[in-house]
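Me: I would like to go through this structure by asking what stands behind each label. Please set each value against its definition.

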Amino acid sequence: VGNRIKVAAIQMNCLMTGKEDNLKLAADLIERAGQAGAKIIVLPELFSTAYRVEERDYALSEPIPGPTTDWMQSWCKKYDAYLMGAIIERGDVDGVLYDTAVLVGPQGVIGKYRKIFLWGPEALRFSRGTEYPVFDLGFAKVGMQICYEVGFPEGARFLGLQGADILLYTAAFGLKRVYAWDIATRARALENGAFLIAADRSGIEKGETDFAAKSRIVDPQGTVLAEAQEDNDVIVSEIDLGQIAPQRMGLPYLRDYNRTLIARQFAK
């Protein structure tokens, strides 16, 4: 086994009828991933509430840790695995909400990442995060990004420079821009010599928001190892973390990244 682990992405056609129904749907899919031996399982963006719930954002929001992360922890305990997905987080300041990716393990919440680059109307719904944390699971370091951010190489690069072996993307990415999803998921993995697990939404909400689906697992060379085919689907791949170091030596983007020069450019 050595450096080999199984990872999973869950694709969901979420329901507009509330958390209980979505968690029931997610449970069935997590069960499939857990029984297949996945150690890292990624869920879509706002998986517990659906995405187009802007008029109910505050009512559906919750703190982290909170009820949904407790629910996630119970599954992590059952399968000795790690779960990641984004929920509507109620911040410490009253009325401030975030689109937040949370990483949960058997021991509880390991960390969170608040979405920084908000898509269109999301800027009216959520505040922006300010940090790019990386979390060490012992067998691998992981970093988190959300949906639209797959098109911002800087976020993934900041995570790669901090040693992230696996980039986790939780998404509700639109079908109209599926061409961007296809290229960007592969590019972010390749640029950073990292594995990438991207869980996207499927289906249509409010008759107008059509999701791209195409949840996928990508290797450090940008090869798609698995891609979801169904509305509610689970993809599992065994990945070899031993591929990361040779890839980063063979294509040394991270080594040759001139941080001083880049910082100077950003400062202008």
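Me: Which residues does Ile-40 touch, not counting residues up to four places away in sequence?

Reply: This is a predicted model, in which local features need pLDDT of at least 70, side-chain atom pairs count only at pLDDT 80 or more, and totals for chains, interfaces and linings use all residues. Residues are numbered from 1 along each chain as its sequence is written, and side-chain values use heavy atoms, with hydrogens and water left out. With contact meaning heavy atoms within 4.5 Å, Ile-40 touches Ile-5, Lys-6, Val-7, Ala-8, Tyr-82, Leu-137, Phe-139, Val-142, Ile-166, Leu-168 and Ile-197.

Me: What makes a set of residues a nonpolar core, and which members of the largest one touch the most other members?

Reply: Such a core is a set of buried (under 20% relative accessible area, 1.4 Å probe, protein chains only) Ala, Val, Leu, Ile, Met, Phe, Trp, Tyr and Cys residues joined through side-chain atoms within 4.5 Å. The largest has 48 residues, of which Ile-40, Leu-103, Ile-166, Leu-168 and Ile-197 touch the most other members. Strand β9 (residues 195-199) supplies the largest share of this core, 5 residues. A second, separate core of 38 residues includes Cys-14, Leu-23, Phe-47 and Ala-172.

Me: Why is the pair of Asn-13 and Asp-231 called a polar contact?

Reply: A polar contact is a pair of N or O atoms within 3.5 Å, and within protein one must be able to donate a hydrogen and the other to accept it; residues adjacent in sequence count only if both atoms are side-chain atoms. The side chains of Asn-13 and Asp-231 are 3.0 Å apart in this contact, so the pair falls within the 3.5 Å limit.

Conventions:
Buried < 20%, exposed > 50% of the residue type's maximum accessible area, 1.4 Å probe, protein only. Helix = DSSP H or I, 4+ residues; strand = E, 2+ residues; numbered from the N terminus.
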